[in-house]
Amino acid sequence: MSTNKSFSTETSERYSRALFEVLKESKELESSEQNIRYFQTILKDNLEISNFIKDPTQSKTQQNIVINFLSRELGFSKNLNNFLLLLVQKRRIFFVKKIFDSFLKLCSKKRGEIKASLTSSKELSETEINKISKDLSKTLGSIIKFDYKFDKQLIGGLKLQLGSFMIDTSIKNKLKKFEQILLEN
């Protein structure tokens, strides 16, 4: 993996660390994390708001009005609202998704959570996913949180990716391996 980071990634990480520290110090970390998740959902689901907020041709005044309105309606803390206004003022609001993604990773890391990807060939219930997470968490000594996907093309089995570590028990993968063996002979 390259150690060179893009300007937007470096900037986003800096802003997210600053936000994290301010909210931690003011004991608003947990509530703000929930607010940020909700805000991201709004930006994802409402293209009009997302485009308006990220549009560099919009005046700072108009963007401030929208941010203040959203903050008031969503019950954001003064610190979170001021942070968003700072992003508008510094013309960094178009980084808001990256900043908040980075912020949420910091929150997960603080709780000792590790993100992993789980893909299954059959639809798993929330209970089954939680059981796999609990068993794996116990084995690894860290809290594992899954990004879960259902993929019927796997035919059978599971795929689990934890950082660079990959477990692939899918029939699709086994068939691929057999195909390679047959082609080599």
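These are my notebook entries on a predicted model of one protein.

**Entry 1: confidence**

The protein averages a pLDDT of 83, and 94% of the residues score at least 70. I then looked up which elements sit at the two ends of the range. Helix α5, residues 78–89, has the highest mean pLDDT of the elements, at 92. Strand β4, residues 165–168, has the lowest, at 73. I made myself a reminder here: where pLDDT is low, predicted coordinates should not be read in detail.

**Entry 2: the overall layout**

Next I looked up the secondary structure, and I found eight helices and four strands. Following the sequence, I wrote the pattern down as α-α-α-α-α-α-β-α-β-β-β-α. Is the protein more spread out than a compact globule, or less? I compared its radius of gyration, 21 Å, with the 16 Å that the globule rule gives for 185 residues. The value is well over the rule, so the protein is more spread out than a compact globule. I also noted the box that the C-alpha atoms fill, which is roughly 70 × 35 × 35 Å along the principal axes.

**Entry 3: inside and outside**

I wanted to know how much of the chain is tucked away. Buried residues make up 35% of the 185 in the protein.

**Entry 4**

My first stop was helix α2, residues 29–45, which holds both arginine 37 and glutamate 33. Is glutamate 33 buried or exposed? Glutamate 33 counts as buried, because its relative accessibility is 5% and the cut-off for buried is under 20%. Arginine 37 is partly exposed, at 32%.

I moved on to helix α6, residues 96–110, where aspartate 101 and lysine 97 are also four residues apart.

My last stop was helix α7, residues 126–140. Lysine 131 and aspartate 135 are four residues apart there, so about one helical turn separates them. Lysine 131 counts as exposed at 51%, because the cut-off for exposed is over 50%. Aspartate 135 is partly exposed, at 36%.

**Entry 5: a nonpolar patch**

I finished on the surface. Which residues form a nonpolar patch there? I listed Ile155, Ile171, Leu175, Phe178 and Ile181, with about 490 Å² of accessible area together. I looked up one of them in detail: isoleucine 155 is in the loop between β2 (143–150) and β3 (158–162). Isoleucine 155 counts as exposed, since its relative accessibility is 52%.

Definitions and conventions: Residues numbered from 1 in each chain as written. Predicted model: local features only at pLDDT ≥ 70, side-chain atom pairs only at ≥ 80, totals over all residues. Heavy atoms only, no water. Patch = residues over 30% accessible without salt bridge, like charges linked within 9 Å, V, L, I, M, F, W, Y side chains within 5 Å. Areas by Shrake-Rupley, 256 points an atom, 1.4 Å probe, with all protein chains shown as cover. Salt bridge = Lys/Arg side-chain N within 4 Å of Asp/Glu carboxyl O. Helix = DSSP H or I, 4+ residues; strand = E, 2+ residues; numbered from the N terminus. Buried < 20%, exposed > 50% of the residue type's maximum accessible area, 1.4 Å probe, protein only. pLDDT = per-residue confidence, 0-100. Rg over C-alpha atoms; globule rule 2.2 N^0.38 Å.
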